[in-house]
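Here is a short briefing to read alongside the model. Please have the sequence and the coordinates open as you go through the points.

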Amino acid sequence: ELIPEVEKQYRVQPYRILAGHSLGGLFAIHAMISNPGLFNSFVAVSPSLQWENQETLKRAEDFLKNQKEMKNVTLFVSLGDEQGGISEGFKNFRELLSKTSIKGFEWQAELMSDEDHGTVVLRSHYFGLRKVYEGWQVPRELRTAVLAGGLKVVDEHYKKLSEKFGYSIPTPEQLVNQVGYQLLNNNKPEEAIATFKTNVERYPGSANVYDSLAEAYERGGKLDLAEPLYDKARVLGE
């Protein structure tokens, strides 16, 4: 009942991450092994795997042994400086994960020895989301931070992200704009204009795409082409 209501009321993407702490972390692992298609990724912080004589851990062992493939699922599990059954459960679970070879399943287990059961939460959510969205950033040249390979490579990057996450992730307007200005500043005006035109086609409701294309024409002395585009940007920006 909850998931359809959230999707109805909020502007969400069709990619679900379940995160929980302590008994909530136990629930996240339970959800993964009970209904692996319901969520796409999981963050289990200090999961209480000692609960009910490690019953969930036993079920997880069977699941991990018998599961051959998952649809791009990521699991991040962590533990603070904690002793007793919860520590034993984490170590046993990490060992089980180390023996898996499930296609389409990525995992990371982190022992955060400088955190306790309470403080481990925020840091784990941060590192957990970094793991889930690993590879999201577009490759850039290390020394100059320039987008490597032009628009074709950037589009290919977002195509791969779309395949990984299971829904269409378009190349953002801002990145297309960056590619255009890189070309323009590297004395490649025709390629820059073609890139800015692509941005106009993709994002016709944005004032910025018309402004950028107009600037490219203006730098080339084509004021007759630049002026109406500046007017269009002004109208959209009002």
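**Sheet, helix and salt bridges**

Gly 20 has Ala 44 in strand 2 as its bridge partner. This is a predicted model, in which local features need pLDDT of at least 70 and side-chain atom pairs count only at pLDDT 80 or more, while totals for chains, interfaces and linings use all residues. Residues are numbered from 1 along each chain as its sequence is written, and side-chain values use heavy atoms, with hydrogens and water left out.

**The sheet**

- Four strands make up an open sheet in the order 1-2-3-4, with parallel pairing; two strands pair if DSSP finds at least two bridges between them.
- Helices (H or I, at least four residues) and strands (E, at least two) are DSSP runs, numbered from the N terminus.
- Strand 1 (17-21) and strand 4 (103-111) stand at the edges, each with a single partner strand, so one side of each lacks a neighbour in the sheet.
- From one strand to the next, the twist averages 10 degrees; axes are lines fitted to C-alpha atoms, for helices over the stretch in contact, and angles run from 0 to 180 degrees between N-to-C directions.
- Strand 1 and strand 2 (residues 41-45) run parallel and are joined by five bridges.
- Helix 5 packs on the sheet and touches strand 1, strand 2, strand 3 (69-79) and strand 4, where contact means heavy atoms within 4.5 Å. The direction of helix 5 makes about 155 degrees with that of strand 3.
- Strand 2 and strand 3 also run parallel, with five bridges between them, and Val 43 has Phe 76 in strand 3 as its bridge partner.
- Why is strand 3 largely enclosed by the rest of the structure? Eight of its eleven residues are buried, meaning under 20% relative accessible area, with exposed over 50% and partly exposed in between (1.4 Å probe, protein chains only).

- Lys 131 lies in helix 5 (residues 120-132) and is buried, at 12% relative accessible area.
- Leaving aside residues up to four places away in sequence, Lys 131 touches Thr 74, Phe 76, Glu 106, Trp 107 and Gln 108.
- The side chains of Lys 131 and Glu 134 meet in a salt bridge (3.3 Å, N to O); the term stands for a side-chain nitrogen of Lys or Arg within 4 Å of a carboxyl oxygen of Asp or Glu.
- Glu 134 is partly exposed, with a relative accessible area of 43%.

**Other salt bridges**

- How many salt bridges does a search of the whole structure find? The search finds ten.
- One pairs Asp 114 with Arg 123, the closest N and O atoms being 2.8 Å apart. Asp 114 is exposed at 57% relative accessibility, and Arg 123 is partly exposed at 29%.
- Another links Lys 99 to Glu 95, with the closest N and O atoms 3.6 Å apart. Lys 99 is exposed at 62% relative accessibility, and Glu 95 is partly exposed at 43%.

- Leu 2 belongs to helix 1 (residues 2-9) and counts as exposed, at 63% relative accessibility.
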